Every structure is written in C-alpha cells, then in structure tokens.
Amino acid sequence: MTNTSSSAYDKLDTSVAHSARLWNYLLGGKDNFVADREAAEQVLAFMPELVQSARFNRQFLGRAVRYLADEVGIRQFLDIGTGLPTADNTHEVAQRAAPDSRIVYVDNDPMVLAHARALLTSSPQGATDYIDADIRDIARIITEARRTLNFDQPIAIMLLGILNFVVDDAEAARIVHQLLDAVPAGSHLVISHPTREVNPEAVDQAVRMWNEAGSAPMTIRSPRQIADLFAGLQLVDPGLVTCSRWRPNGNDTTPASEYCAVARKNN
C-alpha cells in the first residue's frame, strides 16, 4: 500500500480551483478550499443542475460496480481519476458484493494522495492500493497496478469524469486503447463524460469559465465521440445514455449532462 503523509500537501495550490475538490464540494464534502467553492458557485449560478449531475454520476459508479461484481463476476477494478474519498467508493461497493475484490486507485492530485488512507481500507479477503500517477502515463500505471491486480484475469477499467481532462481526442483514444490492450477478454470499460446534450449553452459557459481559472483544461465530447472510445467493445444494455438512465433501479431519471456506458472486451 502507498504511504501518505502531510508532505503530500506540499504540492497543493489552494488558490486555484481543482476538479477533484470542486466535485467534492458538489457532493457535499468538506475537502475543498475557497477557490473550489467560488468556482462551483459561479457555475451553479447559471447551471444549478450541476449538483444533480455530480450525484447522478456518483450513483452510476455504484450501480456499475455492483453490476460488474454481482452479475458479471468481476473481482478486479482499476479506478483512474479516483477523486477525493466519499461515500460508497469503488472498493466499498465492490467488496460489499464480493469481499475478495481487489481495487487499485489512480490519481495525481496531492490532496487525494493525502486522503488515500481512506481508500486503502479493505476487507480481509480483498486488497486495495493507490498509485500517484497521471492518466497519460499508462505504462507506469499498469506496471504499478500489477502489484495488486492479476492482468491475466478480467479487470474493470473505471474512467469516470477523467477523460474530459484529456483534451486531445487522439490522446484520449490512445489512453483507452493502451489500457484495453493490457487486459484480457472478459474485462470491462466504464466511462462517464460530460456532454452538451442537456444544457448546451450552460455547459459551454461552464467549460469556458473552468478553462480560464481551473487547474487543468477540460473538454466536452458529443455522445458520438464518447461512443468512439468504446470501438471494438460490446456495449452493455442500455448502451451510452445519460448517467441517471443507466439501469436506474427506480432512481431519478432526469437527464444529466454526464453520459456514461459500460462495455465488455470480448477478445
């Protein structure tokens, strides 16, 4: 397991809004700073549904992990772009369904690193680990993930709300392909990504504001562009949909700007 200490805070720039901390604020967390809260409130002033979108995205994570652990029998999860710990993290959902599940988290935010101990709790039968790495460094991620995960057995690759920070389409596709090339048939890819489908003008304004003041530039992709990231895979029903409508199980199905899908690698 990765060791963390107060030194992880040394790299923090609390004067600039960061996506992980802003998302934490939207989800009702306390691990955020004035810049994060101000950035969130500026967006919420014209896009109040952003709170709902954040929660729908989090609920999708829970439903997707439960589906993979319960119905598919996946026992390994590689969660890249983890974000700050909150309720029902990937390992908690997975190990609730299957205590022997093994989870590796990946993020490069120093505040997430400082809170990584909350992500490293595990059932006695399973395991968790944390890798401090950028999503673009796939070779390193795979090498370090091998300490915990068996790449000869199916793995669920979780990319929730992270590929939008890879603004180049070719680079985003390269990242996905490299990850899929490293895992065997029976593995699954899980993606959530913001779109312009629900409230295009507000989304465009939010992205402009973020790119002027946030810590890392982001982009919006159309459902077609997101679907292209699943090329060669078998989409799980209901396919690519707004997060609230992926197997909602009686939950609120109000359309959200976040779209998502789960797909299987067959060969």
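View 1. At 0% relative accessibility, Ile191 counts as buried, because the term covers anything under 20% relative accessible area, with exposed set at over 50% and partly exposed in between (1.4 Å probe, protein chains only). The model is predicted: local features need pLDDT of at least 70, side-chain atom pairs count only at pLDDT 80 or more, and totals for chains, interfaces and linings use all residues. Residues are numbered from 1 along each chain as its sequence is written, and side-chain values use heavy atoms, with hydrogens and water left out. Ile191 sits in β5, residues 188–194. Strands (E, at least two residues) and helices (H or I, at least four) are DSSP runs, numbered from the N terminus. Leaving aside residues up to four places away in sequence, Ile191 touches Phe60, Leu159, Leu163, Ile226, Leu229, Phe230, Tyr259, Cys260 and Ala261. Contact means heavy atoms within 4.5 Å. Val176 is 15 residues from Ile191 along the chain, and their C-alpha atoms are separated by 10.0 Å.

**View 2. Strand β4 pairs with β1 and with β5.** Two strands pair if DSSP finds at least two bridges between them. β1 (residues 76–80) and β4 run parallel over 3 bridges. Leu78 stands opposite Ile157 of β4. β4 and β5 are also parallel, over 5 bridges. Leu160 has Ser192 in β5 as its bridge partner.

**View 3. Both faces of β4 are covered.** In a regular strand the side chains alternate between the two faces of the sheet. On one side of β4 lie Ala156, Met158 and Leu160, on the other Ile157 and Leu159, all buried. With 5 of its 5 residues (156–160) buried, β4 is therefore largely enclosed by the rest of the structure.

**View 4. Helix α3 crosses helix α4 in the right-handed sense.** The axes of α3 (residues 50–72) and α4 (residues 90–97) come within 9 Å and cross at roughly 35°. Axes are lines fitted to C-alpha atoms, for helices over the stretch in contact; angles run from 0 to 180 degrees between N-to-C directions. Right-handed means that the near helix is turned clockwise from the far one by less than a right angle, left-handed anticlockwise. From α3, Leu61, Gly62, Val65, Arg66, Ala69 and Asp70 make the contact; from α4, Thr90, Val93, Ala94 and Ala97.

View 5. Just after α3, Gly73 adopts a positive phi of about 90°.
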